[in-house]
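Please keep the model open beside them while you read.

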Amino acid sequence: MTIELYTWGTPNGRKVSIMLEECGLAYNVHPVNIGKGEQFAPDYLKINPNGKIPSIVDPEGPGGEPIAMMESGAILIYLADKSGKFFPEKSKYEILQWLMFQMGHVGPMFGQAHHFMRNPKEIVPYAVERYGKEAKRLYGVMNLRLQGNAFLSGKEYTVADIATFPWVARHEWHKVDLAEFPHVKRWFDAIAARPAVERGMKVPFLN
Ligand SMILES: N[C@@H](CCC(=O)N[C@@H](CS)C(=O)NCC(=O)O)C(=O)O
């Protein structure tokens, strides 16, 4: 049965479209224009009470019952359980650490860097410096991790990489030069070349 994906052209949305493409699961795309406030429409809030993208509705969830889900990290774990892909049991706790690292640090900090660097209603130098510095620090953490590991959670490509990739794809937005982080660059180039990633990054449109 087809999964309904509610999304927009942002890193959090693209984590889920990449995962759906990688797993080969059938899905319909419903664009939710967050610039126009569609995330706050009463019908959408029934699916995602937090008023954010992404969300999914799977008509065939656990026990064959429909399930609506918010929070991209939880959605990735759900889709991994459903498909049996990209979350191998043997490295479960490594994967969870790097997935939580993305959800708790990479996403929120890069997101704040974008907000203050790209769309300032007023220039707040302290905020630009704080989030720019933190973004760079996080690249340092990833670079060290990827120095000895092909992927964030170890030898295999997993949901931790799928969650992090679309944020690193916006490195120019948070003013990071990947040449300064060669292991991140090698990891990034390898993932960018995956056909499922190329397709997932185009959902719901290029930007
Ligand atoms: N922790 C949430 C974050 C979701 C999120 O912040 N989505 C942004 C787009 S990337 C959004 O919907 N923003 C609209 C708004 O804040 O009103 C997740 O990972 O799903």
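1. A working definition to begin with: contact means heavy atoms within 4.5 Å. With that in hand, alanine 127 is in contact with Phe116 and Gly132, leaving aside its neighbours within four places in sequence. We will come back to alanine 127 below.

2. A word on what you are looking at. This is a predicted model, in which local features need pLDDT of at least 70 and side-chain atom pairs count only at pLDDT 80 or more, while totals for chains, interfaces and linings use all residues. Residues are numbered from 1 along each chain as its sequence is written, and side-chain values use heavy atoms, with hydrogens and water left out.

3. The overall fold first. Helices (H or I, at least four residues) and strands (E, at least two) are DSSP runs, numbered from the N terminus. By that count the protein chain has eight helices and four strands, and their order along the sequence is β-α-β-α-β-β-α-α-α-α-α-α. The radius of gyration of the protein chain is 17 Å, close to the 17 Å that the globule rule gives for 207 residues, so the chain is as compact as a globular protein of that length. Here the radius is taken over C-alpha atoms, and the rule is 2.2 Å times the number of residues to the power 0.38. Along its principal axes, the C-alpha trace spans about 50 × 45 × 25 Å.

4. Next, contacts and surface. Of the contacts in the protein chain with a separation of 6 or more, 66% are between residues 24 or more positions apart. The accessible surface comes to about 10,400 Å², and carbon and sulfur atoms hold 56% of it; such areas come from the Shrake-Rupley method with a 1.4 Å probe, and for residues only the protein chains shown count as cover. Buried means under 20% relative accessible area, exposed over 50%, and partly exposed in between (1.4 Å probe, protein chains only). On this scale, buried residues make up 48% of the 207 residues.

5. How far apart are the mean positions of the positive and negative charges? For the 24 positive and 22 negative charges of the protein chain, these positions are 4 Å apart. Lys and Arg count as positive and Asp and Glu as negative, with His and the chain ends not counted. Each charge is placed at NZ of Lys, CZ of Arg, CG of Asp or CD of Glu.

6. Strand 1 deserves a look. In strand 1 (residues 3–7), five of the five residues are buried. One side carries Ile3, Leu5 and Thr7 and the other Glu4 and Tyr6, and both faces are covered. Strand 1 runs parallel to strand 2 (residues 27–31), joined by five bridges; two strands pair if DSSP finds at least two bridges between them. Within this pair, isoleucine 3 stands opposite tyrosine 27.

7. Which helices do the buried residues of helix 6 pack against? They pack against helix 1 (11–23), helix 3 (72–83), helix 4 (92–118), helix 5 (125–147), helix 7 (182–192) and helix 8 (195–200). In helix 6 (residues 159–168), 10 of the 10 residues are buried, so this helix is largely enclosed by the rest of the structure. Among them are Asp161, Phe165, Pro166 and Trp167.

8. Asparagine 33 sits in the loop between strand 2 and helix 2 (42–47) and is buried at a relative accessible area of 14%. Not counting residues up to four places away in sequence, asparagine 33 touches Trp8, Glu38 and Gln39. Alanine 127, promised above, belongs to helix 5 and is buried at 6%. Its C-alpha atom is 25 Å from that of isoleucine 53, 74 residues apart along the chain.

9. Finally, please check some backbone geometry. The peptide bond from isoleucine 53 to proline 54 is cis, with omega near 0°, and proline 54 is in the loop between helix 2 and strand 3 (55–58). The bond from valine 203 to proline 204 is also cis, with omega near -10°, in the case of a proline found in the segment after helix 8. Phenylalanine 86, not a glycine, has a positive phi of about 65°; this residue lies in the loop between helix 3 and helix 4 and counts as buried at 16% relative accessibility. Lysine 175 has a positive phi near 60°, lies in the loop between helix 6 and helix 7, and counts as exposed at 58% relative accessibility.
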